[in-house]
Amino acid sequence: MNILVIGKNGQLATALAERCRLHQISAEFLGHENLPVTSMVELMERLEKSFLDAEPDVVINTAAYTNVEMAEEETLSNYDINSRLPLCVALMCCKKRKPLIHISTDFVFDGRKNGAYSEDDVTNPLNAYGKAKLAGEEVVLQTGGRAIVIRTSWLFSRRRKNFITSIIRRLREGHDFKVVDDEVGAPTFAMDLAEVCLLIAGRIISEPGFKDWGVYNYSGTPNASRFEVADFVRTVVLSSGLLSDCPNIEPVKAMELGFGVDRPKNSILDNSKIVKTFNVSRGSWKDEIRDNIMDYFM
């Protein structure tokens, strides 16, 4: 199996590189330096050359502009990467008759639902990042090619900047701090999502008649508030002896912290469709942190 990964240095692309090496899967990675997103003509030319060089069986688009706050100001960069790039990748996949796996986000929802979001729930993003990601989903699905969109939430890894590593950094700084307790969801370990992407890639390549294209949710387990996640990390850090003392974490409402950008309060995703269709398992973020906390301190 040959895979062309759009994205190179992000959390998921890095995890895919590691899992591909482990499974001896051939993979080529296109980083931002190879993707002239401001010019659709140049971007299509670059993608065509990359498709010819890599001869992929499947394409995975992990590239994303993920700075939620800056997306409100850097509107062109946000839409170039989260909307224009997916469109061009989907068009090239359609032209070359290659299946596409595109990664999206829980931020396409407004978070006002009482319960888990299914793939069929109405989307209503609250901010520029979510709107651009939704536009990216739509163009991918509207090109007419064979595409799977995976919505995920609260992605984290051991080496990159994310919510988990930010909590550990603040614990090491030694000052008490606050974390919101009215945003709920499920952290998703990047390695788990990478394995899911490879499993799906293998399935759609091995089944010429595969027809279950469309949108899927995938997130870790269990669900929790951001405060509960932070408090769990603090507990593990203390019990591991990596820090002799930890600052306190105080629960607070998002409104009290005065975030400049609205975020969905409920990011819980219903994973039943992807579990049923592809027989995937959901990774436990608690097990990952408990078993590998040392790696987060390196």
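A: What follows starts with the ring pairs and then moves out to the rest of the chain.

This is a predicted model. A search of the whole structure turns up seven aromatic pairs. Start with Phe-109 and Tyr-117. Their ring centres are 4.1 Å apart and their planes meet at 15°. Planes under 30 degrees apart count as stacked, so this pair is stacked. Both Phe-109 and Tyr-117 are buried.

Now take Phe-210 and Trp-213. Here the centres lie 4.8 Å apart, and the planes are at 85°. An angle over 60 degrees counts as edge-to-face, so that is the label for this pair. The two partners can also be described by their accessibility. Phe-210 has 7% relative accessibility, so it is buried. Trp-213 has a relative accessible area of 24%, which makes it partly exposed. The cut-off for buried is under 20%. Phe-210 and Trp-213 also belong to a cluster: ring pairs link them with Tyr-216 and Phe-278.

Rings can have charged neighbours too. Lys-113 lies over the face of Tyr-117, at 5.7 Å from the ring centre. Tyr-117 is the stacked partner of Phe-109. Elsewhere, the charged end of Arg-226 sits over the ring of Trp-154, 4.0 Å from its centre.

The protein has 11 helices and 12 strands. One of the helices is α5, which covers residues 128-142. Helix α5 has 15 residues and spans 21 Å from its first C-alpha to its last. That is close to the 21 Å expected at 1.5 Å a residue. Its buried residues include Tyr-129, Leu-134 and Val-140. Lys-133 and Glu-137 are on that buried list as well. The buried residues of α5 pack against two helices, α3 (68-71) and α4 (75-96), and two strands, β4 (100-105) and β5 (147-152). After α5 comes Gly-144, with a positive phi near 90°.

Some backbone details stand out. Most residues other than glycine have a negative phi, and most peptide bonds are trans. Glu-55 has a positive phi, near 45°. Glu-55 sits in the loop between α2 (40-54) and β3 (58-61). Its relative accessible area is 56%, so Glu-55 is exposed. Asn-279 also has a positive phi, near 55°. Asn-279 is in the loop between α10 (272-278) and α11 (285-292). With a relative accessible area of 65%, Asn-279 is exposed. Then there is the bond between Thr-221 and Pro-222. That peptide bond is cis, with omega about 0°. Pro-222 lies in the loop between β10 (214-217) and β11 (224-225).

Finally, step back to the whole protein. Its C-alpha atoms fill a box of roughly 55 × 40 × 35 Å along the principal axes. A compact globule of 298 residues would have a radius of gyration near 19 Å, and the protein has 19 Å, so the two agree. Buried residues make up 51% of the 298 residues. Among contacts between residues at least 6 apart in sequence, 81% join residues at least 24 apart. The protein exposes about 13,800 Å², and carbon and sulfur atoms supply 47% of that area.

Note on methods
Residues numbered from 1 in each chain as written. Predicted model: local features only at pLDDT ≥ 70, side-chain atom pairs only at ≥ 80, totals over all residues. Heavy atoms only, no water. Phe/Tyr/Trp six-rings, centres within 6.5 Å; stacked < 30°, edge-to-face > 60°. Buried < 20%, exposed > 50% of the residue type's maximum accessible area, 1.4 Å probe, protein only. Lys NZ or Arg CZ within 6 Å of the ring centre and 35° of its normal. Helix = DSSP H or I, 4+ residues; strand = E, 2+ residues; numbered from the N terminus. Expected span 1.5 Å × (residues − 1). Contact = heavy atoms within 4.5 Å. Rg over C-alpha atoms; globule rule 2.2 N^0.38 Å. Areas by Shrake-Rupley, 256 points an atom, 1.4 Å probe, with all protein chains shown as cover.
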